[in-house]
Amino acid sequence: MFTSVMFASILPEILITILGMILLIVEPFWKEDQRRNSGWLTAGGLFVIIIISLLFGQPGEPVAVLGGMIRFDWLGFFFKLLFMFAAAATALLLMDHEKAGHRGEAYLLLLASLLGMNLMAVSADLIMLYLSIETASIPLYILAGFLLADDRSTEAGFKYLLFGTVTSTIMLYGFSLVFGLAGTTNIYQLSQMFADGEVSVLLVFSLVALILVGLGFKVAIVPFHFWVPDVYEGSPTPVAGFLSTASKAAGFAVIVRFFFVAFPAFASSWTFILAALAAVTMTVGNLLALPQTNIKRLLAYSSVAHAGYALIGVVAFSQLGAASVVFYLAAYILTNLLAFGIVMAFSQATGLEDLKDYAGMSRRNPLLALMMLSAFLSLTGMPPFGGFVAKVFVFAAGIQANYTWLVVVGILNSVVGVYYYLNAMKYVYLYRMPNEDEENHQIILTRPYAIALVVLTIGVILVGTVFAPWFSWSDAAAMNLF
Amino acid sequence: MNFPILSIITNLPIVAAVIMLMIPANRKNEVRGVALAAAIIDLLLSAWMYLQYLIQDMTGYQFIEQYNWLPQLGITFYFGVDGMSAPLVLLTGIVMFTGVLIAWGDDDKHVMAGIQDRPREFLAFLFILAWGVFGVFVSLDLFMLFFFYEIAVFPMYLLIAIWGWAKTREYAAMKLTLYLFIGSVIALVGVLAMYWVSYQNTGVLTFDMLHMETANFSASFQYIWFLPVFLGFAVLGGIWPFHNWSPDGHVAAPTSVSMFHAGVLMKLGAFAALRVGIMLLPEGAKQWSWLIMAIAAIAVVYGAYIAFVQTDLKYMIGFSSVSHMGLVILGISTLNHNGLVGAGVQMFSHGVMTALFFAVTGMIYDRAHTRQMSELGGMAKVMPFAAVGFIIGGLVSMGMPGFSGFVAEFPIFMGVWRVQWLVAVISSISIVITAAYILLAVRRVFFNPMPEKLEGHITDVTVMDKIAIFTLCFFMVLIGIFPSFMVPMMEKGVENILRLLGGA
């Protein structure tokens, strides 16, 4: 039987598939110089899909649909909206990419990956979960190595592929052990099995460790972060932005659902592992970001550090904790997309990506400089930008759960963050171009960039000031876990 | 009283900043005009608010507004002022107005006065700073207070690093930001701990400070968290031994930012330490007041002595700020009526006085291109208006009767004497040292014969500068002659604090 709830639960995915097909059909008929319109089509289509989903696809009470494969609830729905928004922004940013912008395949791969992420957020079954993770990852391997003529991009794609397949295989091994012990692959039945059965803590410990290898790779926590800087640096910048936001958030969606739902009985042991990982991740990410001179590598390490902050909310293992993680990811997606969008806009205009090339940027385009300031201050955790509130919520959840030491590690790390983010802004605002002739080197934003960046900036400020609606949604999502 | 005056005062700067950022960058005078208009409106509104409070003989928290922000976590926009914070709102209005005047760059003349490079961004960042400062002074919600507190921190970095003194600006700006950020995040941990414990004790999830005052934090909790919270905020108040960022920051900052920085930003630290540290954790304050008093006394004398040995005029004023802010902390640490009233008046008095000092120093530097006192002289002849202003500021600084400094310092020492007479004796040495360095500076800079190479290069100050100097002097003399302009209000604010301290 196919009911309307089933239909509503995968409405966005159906529409994304249709959008992908339209793209496939239309694109070959366009002339070479019209091909970049695929970006408008993708972004516009996703925008329409977001609206349709909000109108017709809102979940009510959490239900298991499609044979228990999918959980239809606010947690998944909110994440889906975030992913679709991120993909739309990425499509806009991709349009004026010199090598990839006019290739329809890039947008199609983006949509395919988006489809996988959407399913990751709602999977309620280990098999479904694994399939969706692979669906999300494989297109990203290709996108990371999309620039065939560029050795660094090829290296990025290959590195990402190798790390990705190895870690996901280990995770699959963990899944199979879980199935062997519990006799079910449904996440929502696992907790029962683990609570009833005589499972030793040590065994759960090792299961968690195996599964964390795969998920840790997706969200880039230490020690599974080695791929991050090289892949971000090599892949096309919008793809790096997508990797660091939607892909990371998808990993978190799985972590939150899987650990909160499947192992509540063993919370004390896995929160301990995650707390240690969070502390190490923040510290390593921030310290390694300090000496970076390439802006994409800087953002790569900063994205590692941010995974650590977000983990504090998971560690808290409370409704507020889960809500704060979701909120954190929402703020972080907007902020980091903005940061990568600016890097993309700048390198499209100048072809440069080093921190020192940003000298004099505020005189070359004051608006772009202000938007970069917003993004970086939000990453630092300064009000009135989204990053500040998100951090305060995560820290509040940590203190509520008596993880004061972890919060102290977190705040010390934010201080390190202040140094390198503000240092980057120093190039933008303080230093000048070698000949001090910024007037002759104005940066002009093309329309897709202007739209995407202004929308993102407004989003970052809105999340940081009018945060009640976003938090209500995050809270509704978190409520489904308990 | 339905007119939402406090939220207008607070949010006007950010509205003005956004408007300025939308004006094309090359239309500098339009930008300055918007800034000046906004500053005048804000000054008038805050003066009106202040006079209302004074004339109608109000008590407790007034002009209250409360709007939902995030009901689930008990976060609200909760505006309100009492006798302690109303003068500080007025102070911010004054410094904002004079700061815009001082930053008024003249694009045609060759005098390097004001801000000529990207004034749009400069004024916008300055106004974002003002937004944060107003927000802290008027908030009765702890989250809101912290939100605005952080807003006041980051524009400082940009203002100093971009428009500051080329020699030390990068170093000073980063040092300042890191100190302040570390202080504030440490305080944040304490604030969040208070939030949860208050929830446990009362069952209400709220950041409302008036509610938290009744949360019955246990003695051991207060004992543990008082120091991180108080010191975390007081770092911005320039408390010894965490004062190191402050003289460097003052010196590196452009004139109107120094005015803002020493004039109101340091009060932000002292105010937040008082509002959160003392008023929400009164038992902890009683336990630790001896330590706070000791380091404040050191700051007072040490700051004055270091100021005395400076050769650079701006460094001298920077260290004198450490000394005077030490007096504020000293007054707070007495936890008695006299000391707290004095501390409150001193916050206002020092804010106006030091803004004036920095303004005049900036005028001299813009013309003479040096701040070494040995290379200056004879300024009284060419810029008499500025000289008179500086001397009035000096008299205030020395605590001369008839000026606001006396109204502030006398009760502080009285309060300290009642707690520990020895500390009062030791810290009053600073008055002598202060008199010495101020008088020496006045002689060297204004009355010694002018060095030959400056002869003929120095022009008088502009009209904008004169208006600024006059405004600042006006308030110092006003309070000195009519203490009733401020002291009764402070007393009402202090009553509230003493009530929380158990009528000590």
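In this predicted model, A:His97 counts as buried because 22 C-beta neighbours lie inside 10 Å of the residue, where 20 or more are required. A:His97 is found in the loop between α4 (74-95) and α5 (104-122) of chain A. Leaving aside residues up to four places away in sequence, A:His97 touches A:Pro236 and A:Pro238. A:Thr237 is 140 residues from A:His97 in sequence, yet the C-alpha atoms of A:His97 and A:Thr237 are 8.5 Å apart in space.

**Helix packing in the two chains**

Two packed helices are described by the angle between their axes and the distance between the axes.

| Helix pair | Angle between axes | Distance between axes | Handedness of crossing |
|---|---|---|---|
| α7(A) (residues 151-182) and α9(A) (residues 201-219) | roughly 150° | within 8 Å | left-handed |
| α14(B) (residues 337-368) and α16(B) (residues 384-398) | about 145° | 9 Å | left-handed |

In chain A, the residues that α7(A) brings to its contact with α9(A) include A:Phe163, A:Gly164, A:Met171, A:Gly174 and A:Val178, and those on the side of α9(A) include A:Leu207, A:Ile211, A:Gly214 and A:Phe217. The residues of this contact of α7(A) with α9(A) divide into 13 nonpolar, five polar and no charged.

In chain B, α14(B) contributes B:Ser349, B:Met353, B:Leu356, B:Phe357, B:Val360 and B:Met363, which meet B:Ala386, B:Gly389, B:Phe390, B:Gly393, B:Val396 and B:Ser397 in α16(B). Here the contact of α14(B) with α16(B) is made up of eight nonpolar and four polar residues, with no charged ones.

**Chain B as a whole**

Chain B contains 20 helices and two strands. Its radius of gyration is 21 Å, close to the 23 Å that the globule rule gives for 504 residues, so chain B is as compact as a globular protein of that length. The C-alpha trace of chain B spans about 70 × 55 × 45 Å along its principal axes, and buried residues make up 61% of the 504 residues in the chain. Of the contacts in chain B with a separation of 6 or more, 79% are accounted for by residues 24 or more positions apart.

The strands β1(B) and β2(B), the latter covering residues 75-81, run antiparallel and are joined by six bridges. β1(B) and β2(B) form a hairpin with four residues between them, and B:Gly74 in the turn has a positive phi of about 70°. B:Leu70 has B:Ile75 in β2(B) as its bridge partner.

**The contact between chains A and B**

Which elements of chain B give two or more residues to the side that touches chain A? The contact takes 26 residues from chain B and 27 residues from chain A, and the elements in question are β1 (62-70), α5 (142-151), α6 (154-163) and α7 (169-202) of chain B. The largest share of the side of chain B that touches chain A comes from α7(B), with 13 residues. In composition, the side of chain B that touches chain A divides into 22 nonpolar, two polar and two charged residues.

Methods. Residues numbered from 1 in each chain as written. Chains lettered and ligands numbered in written order. Predicted model: local features only at pLDDT ≥ 70, side-chain atom pairs only at ≥ 80, totals over all residues. Rg over C-alpha atoms; globule rule 2.2 N^0.38 Å. Buried ≥ 20, exposed ≤ 12 C-beta atoms within 10 Å, placed from the backbone. Contact = placed C-beta atoms within 7 Å. Nonpolar A, V, L, I, M, F, W, Y, C, P; charged D, E, K, R; others polar. Pairing = 2+ DSSP bridges. Axes fitted to C-alpha atoms, helices over the stretch in contact; angles between N-to-C directions. Left-handed = near helix turned anticlockwise from the far one by under 90°.
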